[in-house]
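Hello! Here is the structure I promised to pass on to you. Have a look at it first, and then read my notes below.

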Amino acid sequence: PELDFEFEGAGGAAIADVAWPTRRVAVLAELQQAARPAFEEAGWTVLQHPVEPHTFVEILSAQPEASD
């Protein structure tokens, strides 16, 4: 995972609290929700903090590693 992950989307830079770039999964804090569309338009799965551990494990397990 990467903390304070900065993503350059079509609408500009977006920051996630924590992200798994190879799985395209991002966790956003409440104040980062404006960044959600940038991540989602690029095919990312976006979760809002706090995330229940079992939900988090299910999402990460289901996401294949990105090939690009």
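In this predicted model, 27% of the protein's contacts with a separation of 6 or more are between residues 24 or more positions apart; a contact here means heavy atoms within 4.5 Å. Leaving out residues up to four places away in sequence, Ala 66 touches Pro 21, Thr 22 and Arg 24. You will find Ala 66 in the segment after α2 (53-62). Ala 66 is partly exposed, because its relative accessible area is 26% and the labels are defined as buried under 20%, exposed over 50% and partly exposed in between (1.4 Å probe, protein chains only).

Before you go further, a word on how to read the model. Residues are numbered from 1 along each chain as its sequence is written, and side-chain values use heavy atoms, with hydrogens and water left out. As the model is predicted, local features need pLDDT of at least 70 and side-chain atom pairs count only at pLDDT 80 or more, while totals for chains, interfaces and linings use all residues.

Now for the overall fold. The protein has two helices and four strands, in the order β-β-β-α-β-α from the N terminus on. Helices (H or I, at least four residues) and strands (E, at least two) are DSSP runs, numbered from the N terminus. The radius of gyration is 11 Å, close to the 11 Å of the globule rule for 68 residues, so the protein is as compact as a globular protein of that length. That radius is taken over C-alpha atoms, and the rule is 2.2 Å times the number of residues to the power 0.38. The C-alpha trace spans about 30 × 30 × 20 Å along its principal axes, and 34% of the 68 residues are buried.

How do the strands pair? Two strands count as a pair if DSSP finds at least two bridges between them. Strand β1 (residues 2-9) and strand β2 (residues 12-20) run antiparallel and are joined by seven bridges. They form a hairpin with two residues between them, and Leu 3 stands opposite Val 18 in β2. Strand β2 is also joined to strand β3 (residues 25-28), again antiparallel, by three bridges. Here Ala 19 has Ala 26 in β3 as its bridge partner.

The hairpin of β2 and β3 has four residues between the strands. Arg 24, one of the residues touched by Ala 66, lies in this loop. Its phi is near 55°, a positive value in a residue other than glycine. Arg 24 is partly exposed, with a relative accessible area of 25%.

Which other residue has a positive phi, near 50°? That is Asp 4, which is found in strand β1 and is exposed, with a relative accessible area of 55%.

Pro 50 sits in the loop between β4 (45-48) and α2. For background, most residues other than glycine have a negative phi, and most peptide bonds are trans.

Happy exploring!
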